[in-house]
Amino acid sequence: MSNVLLEIQNLRTYFHMHGYTVRAVDGVDLQVMEGENVGIVGESGCGKSQTAMSIMRLVPDPPGEIIDGDILLRGKSLLKLKEEEMRKVRGNDISMIFQEPMTSLNPVFTVGYQISEGLMLHRDMSKNEAIKESIRLLKMVGISDPEERVKEYPFQLSGGLRQRVMIAMAMACEPAVMIADEPTTALDVSIQAQILRLMRDLQQKKNTATMFITHDLAVIASFTQRVMVMYAGVVVEMASVNDIFKKPLHPYTHGLLTSIPVLGDSKYRDDGSRRLLYTIPGTLPDPKRIIKGCRFTSRCPKVMKKCYEAEPELVFTEKDHKVRCYLYSDTVRETPAYLDVPVRGLSKKQKKQAKKDKIRG
Amino acid sequence: MGNQLLAVRNLKKYFPVKAGPFSGKSLILKAVDGVNMDIMKGETIGLVGESGCGKTTVGRCMLRLYEPDEGRIFIDPEKHTKAINIVEEFDAKRFALEDKIHSIEREIAGPKVLRKEIRSLLKQVHELKLKARQAGRRTDILSMGRDDMSKARKRLQMVFQDPWASLNPMMLVKDIIGEGPKEFGTHKGAALDKWVNELLDKVGLPRAASNRYPHEFSGGQRQRIGIARALSLTPSIIVCDEPVSALDVSIQAQVINLLIELQDDLDLTYIFIAHDLSVVQYVSDRISVMYLGKMVENANAKQLYKNPRHPYTISLMSSVPVADPEHKSEEIILEGDVPSPVSPPPGCTFHPRCRYAIDICRKEIPVLEKDKDGHVIACHNPPND
């Protein structure tokens, strides 16, 4: 639990397009401990998927390029590996569950072949052994009559089953790190719950570290221990899952948390009048533009003059709680003062404190 | 609220599907199988269910984007009670005849006399169909002729799921929004431009947007264009088919708020189709839960959240993840997938995944029953009873 397994240092992945550069990932630092579940949250285009692709070295080059930083697996740099050596890492040490189970399986090979491919390559199994192992893996991910399923093609399976196959593939060589890029986004809630439960069980059994990439905060809450919130290529907040949900610091995190309706919410207040959802105004900044100050300025409700001048640093406000915002540059406070909309799940005491802060502020 | 806008009766839509890639045989996929709904003025009806349960098909049938195989959709039913009674009478007769034909077909497969009998019965069925269509041509959307239908179209509009696919990339935004009014002749020339600008204001887009193409906009903005287009004919009912599921979290809230504000301003009625339970729960007054083409539960939003009664709804609710790391959910996870709608299980279609299934569930199809609070479920053995 305590050893650093995967370390990302100041990763910058840029895409050189015609006439401009998109800074998809712009200085991300992250440490993943052994057996830990880390969540990466953010909207589409914030760089979370590109971070994952960079770790796997799957960024298309050109136009993409990792221009700075390093990725260390057990202290060994992945970026310095030759392509053949990297192939030994992919699927063996680090594996990935891709976003769309519909498109990321190869339609012309059987499910069994696709799972055994990795086994034959990394674990020197014969074809028969690999198929046998595939059947065991399919059983492990809860697919009924796996002996029949290994012979089937992806189109014969439903979305939930395909995602299970993807998980079986990812787990095949018992990797140290598993990267799950929106593994449940395309699925229905009931299937999502099945898949999440399965991943949780496997993760605990094998003690695999997981990076869970999603835009769904609720999924993060039930699955991870630590959360990294990304916005426009940078990390804006990083904290334990409890801290993120109970006392989010960055205005963006706060906005994300309060803008989703929670089951049981209604557009009516108790007295029958209308209630609107809290929204983050505007949209993500144009990736072509280089923003001088904080990247969230155009949408931030608490924007100050100095926000436009220079980008704030990612600073610790407490042990294990990092935030990139000037609101916290001088003082470390219990709860943020800008809690206009009470965040769900605050304890009574915290709510009182928030109210006090608001009056004071 | 109060007066009823739409009454959907026994709506059925079957799709023929091929049995296999090289098979000539065709099977029938029952996408919607006997759905009834009453829609009141000013309310939002949520339609939820897993993918493939037929919720989108219901929405599309309402606008006759699909031609349903069976059923009636009465618009303004309170004004046309007489016609509706006549239509329903004809339909009842026709169903009786169709049952008779089925029973004859089941018994025999051959003698010429009987075939003749069937033929004459079929003729009667056809006549009854025509009569019912004639009687319902003013109020039943599905039997309307061209003129009545175009009047009805003005009142029924739709917002589509995918804002990338539902806007014509070759058309300017003002043409997209103004196409309806132009076609129906409600606004012309300078008045049309003014109206488009007004609509853009309403959905919170800059007026300059009217001379740009859809690809210049982000997902949330495109969805706003889609909403403006739906509003352009001042409809009373808008079918929103997954209007926010393709959008990012922060944009989702903006669009939901816009829809709610527009509803208050323009006195709109929504049919809100989505698979995201918490969103549906938030915007809806009443919610219908669908499973494999059938409605299994129907209740007002609060009731459904506090006291879901159908086992399917209960497990659906419990599997919605909660944004609270300390939340200890007692997940009642459904095992397996939705069965294929081509060959649904006999009896209650939910029984293979239901933990409360008893013998009768495997044999008989449950019917929707209302309890004293107006909470409707179709279940033989509802839990906590």
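How many bridges join β6(A) to strand β7 (residues 177–181) of chain A, and do they run parallel or antiparallel? Four bridges join the two strands, which run parallel.

## Basis of the model

This is a predicted model, in which local features need pLDDT of at least 70 and side-chain atom pairs count only at pLDDT 80 or more, while totals for chains, interfaces and linings use all residues. Residues are numbered from 1 along each chain as its sequence is written, and chains are lettered from A and ligands numbered from 1 in the order in which they are written.

## The eight-stranded sheet of chain A

The strands β6 and β7 belong to an open, mixed sheet of eight strands in chain A, ordered β6-β7-β8-β3-β9-β10-β12-β11. Strands (E, at least two residues) and helices (H or I, at least four residues) are DSSP runs, numbered from the N terminus. Two strands pair if DSSP finds at least two bridges between them. At the edges stand β6 (94–97) and β11 (315–318) of chain A, each pairing on one side only.

On average, neighbouring strands of this sheet are turned by 20° against each other, direction ignored. Angles run from 0 to 180 degrees between N-to-C directions, and axes are lines fitted to C-alpha atoms, for helices over the stretch in contact.

## The four-stranded sheet of chain A

Chain A also has an open sheet of four strands, with antiparallel pairing and the order β2-β1-β4-β5. Its edge strands β2 (20–33) and β5 (76–77) of chain A each have a single partner strand, so one side of each is left without a neighbour in the sheet. Strand β4 (residues 64–73) of chain A is joined to β5(A) by two bridges, and L72(A) has S77(A) as its bridge partner.

Helix α1 (residues 48–56) of chain A packs on this sheet too, touching β1 (4–17), β2 and β4 of chain A, with its direction at about 70° to that of β2(A).

## Packing of helices α3 and α4

Helix α3 (residues 111–123) and helix α4 (residues 127–140) of chain A pack at an angle of about 115°, with their axes 8 Å apart. The residues of α3(A) that meet α4(A) include I115(A) and L119(A), and those on the α4(A) side include I131(A) and L137(A). Residues are in contact if their C-beta atoms, placed from the backbone, lie within 7 Å.

## Domains of chain A

The domain assignment, which is automatic or from a database, gives domain 1 (4–224) and domain 2 (231–360) in chain A. Their centres, taken over C-alpha atoms, are separated by 30 Å. In the contact, 17 residues of domain 1 of chain A meet 13 residues of domain 2 of chain A. On the domain 1 side, β2(A) gives the most, with eight residues.

Chain B has 12 helices and 11 strands. Its C-alpha atoms fill a box of roughly 70 × 60 × 50 Å, taken along the principal axes.

The contact between the chains takes 38 residues from chain B and 42 residues from chain A. Helices α8 (249–266), α9 (277–283), α10 (301–306) and α11 (311–318) of chain B each supply at least two residues of the chain B side, and α8(B) gives the most, with nine residues.

Note on methods. Two residues are in contact if their C-beta atoms, placed from the backbone, lie within 7 Å.
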